[in-house]
Amino acid sequence: MFYEDLFDDEVEMIFDADLNTLTTVKTGGKAKVVVSPNSSEQLIKIIRIVKQNKIPFFILGNGSNVLASDKGFNGVIIKPGRFLSQIFFEKDLIAAEAGATTAMLANFAMQYGLTGAEFLSTIPATVGGAVAMNAGCFGYTVKDKVQKVIAADENGEHVFYANQLMFGYRTSIFENNGMVIIRAYFKFEQSDKEKVEEVMAKLKSLKRNLQPLDFPSFGSVFKRHEGISPAIMIDKLGFKGLTVGGAKVSEKHAGFFVNTGKATTEDFLTLINIVGSKVYEVYGVKLKTEVKYLGDTDDLGRLSYSYGV
Ligand SMILES: Cc1cc2nc3c(=O)[nH]c(=O)nc-3n(C[C@H](O)[C@H](O)[C@H](O)COP(=O)(O)OP(=O)(O)OC[C@H]3O[C@@H](n4cnc5c(N)ncnc54)[C@H](O)[C@@H]3O)c2cc1C
């Protein structure tokens, strides 16, 4: 079969991979193949092959901000994972490979008594996904801490310094340039290990109290916007607990929609449509989804309902 002949034997490939095991919301069909490069050279080769063959591809981190089509994905998923997950010092900066988790990065900084990464310990992301999305919480974002990023395309590695990264609210230059982040360099401040540990524990406990972490989800459904927050509008409309199939507006935090067990992506899309349309009707606000859609071209735009996006 075509996909089986595409890459060198030493590339880790999983064929007909279940997307519901690769996304934190646990929905989605099968992807033709998931490849996990073990080096920058291998990654560049993979990108070259998919581009030369005009094969659709999607870069996947921890899948914590992804809704995958129930029909699956007829293309290649490039997943910098455990083979690209080293964290180390380079002079006074911490270098973290894309497949490392943000929790690993926060723990690494904590071990050296460095402060500034604590918020990252509460986000279920990879370093690549957190940089691409400019993830943030508790008043901090990745933008405040990143000094430099190395990313790849079919031509090789490229260096991006902080002022070239075009960070914005839950976005960066990587949202549209198709490059794969390989490694990011962070600068944190010297503090005290016990203090950092304490802050991390406090932030984790705050999140546990605020968010429905006992259920699979993809975090905030809608992006923040000027004025009243999406969660407050959704709550005021009485939507907490509203369920479509197995997808439900969380009772704990109306900005989160959760998988109660057997949800499909279609259930989530319908729920997003119902809630988004009503918010538009009542408040005149066109909410934009934060979550990224993973599916074939004919499915793309499924998050673009009449109310906006
Ligand atoms: C319980 C829960 C709580 C959350 N809390 C927060 C929060 O507090 N703050 C917040 O900002 N987000 C939060 N999120 C959302 C999510 O964790 C972030 O958006 C995160 O940045 C996604 O990282 P990921 O590795 O899972 O990326 P994925 O979800 O896999 O991908 C997200 C996007 O990044 C791109 N991407 C991933 N890796 C790379 C790479 N190596 N190179 C280039 N592009 C790449 C993907 O193509 C996709 O467009 C939460 C999610 C959950 C489930």
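**Core, shell and sheet in a predicted model**

Q: What makes the largest nonpolar core of this predicted model a core?
A: The largest nonpolar core has 82 residues. A core is a set of buried residues of listed nonpolar types, joined through C-beta atoms within 7 Å. Those with the most contacts inside it are Ala-130, Val-131, Ala-151, Val-180, Ile-181 and Ala-184.

Q: How do you know that Ile-181 is in contact with residues beyond its neighbours in sequence, and which are they?
A: Contact requires C-beta atoms within 7 Å. Leaving aside neighbours within four places in sequence, Ile-181 is in contact with Ala-98, Gly-128, Val-131, Ala-132, Val-149, Ala-151 and Phe-174.

Q: Why are strand 15 and strand 18 called a pair?
A: Pairing needs at least two bridges. Strand 15 and strand 18 (residues 256–259) have two bridges, in the antiparallel sense, so they count as a pair. Ser-220 stands opposite Phe-256 in strand 18.

Q: Why are strand 15 and strand 16 called edge strands?
A: The open sheet of four strands has the order 15-18-17-16. Strand 15 and strand 16 (243–244) each pair on one side only.

Terms used
Residues numbered from 1 in each chain as written. Predicted model: local features only at pLDDT ≥ 70, side-chain atom pairs only at ≥ 80, totals over all residues. Buried ≥ 20, exposed ≤ 12 C-beta atoms within 10 Å, placed from the backbone. Contact = placed C-beta atoms within 7 Å.
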